[in-house]
Amino acid sequence: MYCRFCGKELNDSDNFCVNCGQPAADIQNTAQSQNTQQANSGFYTQTDTVAAELIRKNKEYYIPVFHKLKSEGKYVSWNWPAFLAGPFWMVYRKLYLWAAGFMLVSLLLMIEGAGILLHVLAGLFGNYIYMKQIDDLTAQSKILSSNEQAEFVRKKGGVNTVAVIVIALLAAAFVVLIISLVIAFFNTSMFNSFNYYWWN
């Protein structure tokens with residue numbers, strides 16, 4: 001059970017939320033009504049353990065945000081990590097196709113200000129994009145047996161730190177390569193110019 005006021009995970013024996021102090025009775029009543037709403041509309045709730053297990057890292061932040069987006073019918077909700085890290089955040093959250101699209105568009109545009117615009121769009125729509133992925137994975141997991149569901153959630157959920165590190169290293173290597181080529185080009189140009197003026 002999760003506190004609807006602050007998102008803190010609670011034990012069934014808790015009388016109050018240890019984080020914000022709200023009475024557990026209020027939280028349980030709200031959770032029951034939200035479960036009914038979820039059954040009728042598919043909205044996320046703090047008690048949706050499948051979604052929480054899929055999100056895993058920072059689920060206390062994302063589940064309430066997802067619920068608010070769905071209940072209010074919104075698409076926009078600011079996400080600082082998505083804005084600042086862009087494709088790296090997407091890879092971290094296993095949004096691989098979105099990360100590939102982000103980097104491809106960045107390379108194709110290559111115009112001043114395009115990169116900032118893409119990061120702003122990621123910040124605005126990152127939560128919604130991530131919510132849709134969790135929504136799809138949750139739906140897929142619920143048709144599986146308990147053992148299959150546990151394995152599915154383990155593989156598909158959580159975050160991918162290793163992939164972020166690998167991509168960051170590849171990006172750094174690419175930048176170093178470009179800088180080396182530029183330096184080599186200018187050095188060759190300067191050498192040719194020197195030879196031209198020296199021998200003529």
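Predicted model: local features only at pLDDT ≥ 70, side-chain atom pairs only at ≥ 80, totals over all residues.
1. Ser141 belongs to helix α7, which spans residues 114-141. Its relative accessibility is 0%, so Ser141 counts as buried.

2. The side chain of Ser141 makes a polar contact within the chain: the backbone oxygen of Thr138 lies 2.8 Å from it. Leaving aside residues up to four places away in sequence, Ser141 is in contact with Val50, Gln149, Phe152 and Val153.

3. The largest pocket holds about 380 Å³ of space. Its lining comprises 14 residues, and those closest to the centre are Met103, Ser106, Leu107, Ala171 and Phe174. Two or more lining residues come from each of α5 (87-92), α6 (96-109), α7 and α9 (161-199). The biggest share is that of α9, with five residues.

4. By residue class, the lining of the largest pocket has eleven nonpolar and three polar residues, and no charged ones.

5. The second largest pocket has about 160 Å³ of space. Met90, Trp98, Gly101, Phe102, Val105, Leu118, Leu121, Ala122, Phe125 and Ile129 form its lining.

6. In the second largest pocket, the lining splits into nine nonpolar residues and one polar residue, with no charged residue.

Notes. Residues numbered from 1 in each chain as written. Heavy atoms only, no water. Helix = DSSP H or I, 4+ residues; strand = E, 2+ residues; numbered from the N terminus. Buried < 20%, exposed > 50% of the residue type's maximum accessible area, 1.4 Å probe, protein only. Polar contact = N/O pair within 3.5 Å; in protein donor to acceptor, adjacent residues only side chain to side chain. Contact = heavy atoms within 4.5 Å. 1 Å grid on protein atoms, 1.4 Å probe; cavity = no way out; pocket = protein on both sides within 12 Å on 5 of 7 lines; lining within 4 Å. Points joined across faces, edges and corners; volume = space filled by probe spheres on them. Nonpolar A, V, L, I, M, F, W, Y, C, P; charged D, E, K, R; others polar.
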